[in-house]
Every structure is written in structure tokens, then in C-alpha cells.
Amino acid sequence: DVNEEESDDDEEEGEGEEEEEVVVESSAAMLHRLTSDEVLAHVPRVPQGALDTLLSMGFALGRCVKALLLHGFDVMRSINWLMEASEERQSAALTLDELRSIVQANGGVNEPLYHEQMAARREAALSSSSSSASSASSSRVDAPPPRPPSPAPSAHVAVAEPRPPDPIDIPR
């Protein structure tokens, strides 16, 4: 009887390990199902202090943001990259794989946001298919369903909002 209890415990432990692996695979799988616009929504915000440091050295905003994202917000590594990387490499847009790596390195996919994105996709697909079905059954031509909002076209990465100015004491 004792042996049976031990084997039950072993099975339960094995099941727990399998579940943990599924979560890791699931997070990576979620990330790979996202479009580039959707991945951008998961990119972490750049810390304003680190960004200010690089900007004060005269580097361009876009290159500072890229350097910080690529180097885990480490200012010294970012400075080295900005000084050593080729002009072409610095000015090239981040690839989808780089964006995915950045998201993974900073905690992975924001699951609630991911589920919202997938729900919006399903809703758009249902609207599209129901619109197609109703168009086929009627002689009237309907306008295509509205597309879900996308990020601003010029937004390549998320940047932290500027800090509000320190309060100033005004003598009365």
C-alpha cells in the first residue's frame, strides 16, 4: 500500500512538470501568433531616466530607444552599441524576431492584452464572414466591416511618457 501511495505522488509530480512546460510553450506560441503590430503592443516602455541619459549625450531619439530595447535597458551597453554599431544597423528598423526577443526577455506576452487581441481578431473574422453571407443572400453591396484600430503608423516602439515637472514653491 505504501508503494501505491508513492507511485501516486510520483504521477502527480510528473503532471505538474508537464503543466509547467506547457505554460512556457504556450507563452512562446502566443508570441509567434501575433502580427508585428500586435507584438508592438507588448513591447515594454523604455525607462525615461535611461532615455534621458542617452539623449543628453546627443544620440537621436529613435536610436536611443532601439539601443535600450536591444540591451535590456542597460545604459552602458546601449552607449557602447551606439558608438560601435554601424550606421546601417542603427538606422534599420527592428525586425519582428527582435521585437519578439525583447518581449520574451521582459516578461513575455501580456496575457490579458493577448486575449483582447485574439478576441478582436475573432470578432473581425465573424463580422467579415457574416457580412459575406449577408452580401451573398442580398443584392445590396455592404461596406466591409470596420477594421480594429491599429497603433499610430509612426510609432515604432513604446516610449515612456515624460515625467511631470517638479512642483515649484511660489512665495506668497
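User: What makes two residues count as touching in this predicted model?

Analyst: Contact means that heavy atoms lie within 4.5 Å. In this predicted model, Glu-38 touches Arg-33, Gln-117, Met-118 and Arg-121, leaving aside residues up to four places away in sequence.

User: Why is Glu-38 called buried?

Analyst: Buried means under 20% relative accessible area, and Glu-38 has a relative accessible area of 12%, so Glu-38 is buried. Across the chain, buried residues make up 25% of the 172 residues.

User: How do you know which kinds of element build the chain?

Analyst: There are eight helices and zero strands in the chain, and read along the sequence the pattern is α-α-α-α-α-α-α-α.

User: How do you know where the predictor's confidence is below 50?

Analyst: The chain averages a pLDDT of 73, with 60% of the residues scoring at least 70. Over residues 150-156, however, the pLDDT is below 50, and beyond near neighbours in sequence this stretch has four contacts in the model. Over residues 158-162 the pLDDT is also below 50, and that stretch has 13 contacts in the model beyond near neighbours in sequence.

How values were computed:
Residues numbered from 1 in each chain as written. Predicted model: local features only at pLDDT ≥ 70, side-chain atom pairs only at ≥ 80, totals over all residues. Heavy atoms only, no water. pLDDT = per-residue confidence, 0-100. Buried < 20%, exposed > 50% of the residue type's maximum accessible area, 1.4 Å probe, protein only. Helix = DSSP H or I, 4+ residues; strand = E, 2+ residues; numbered from the N terminus.
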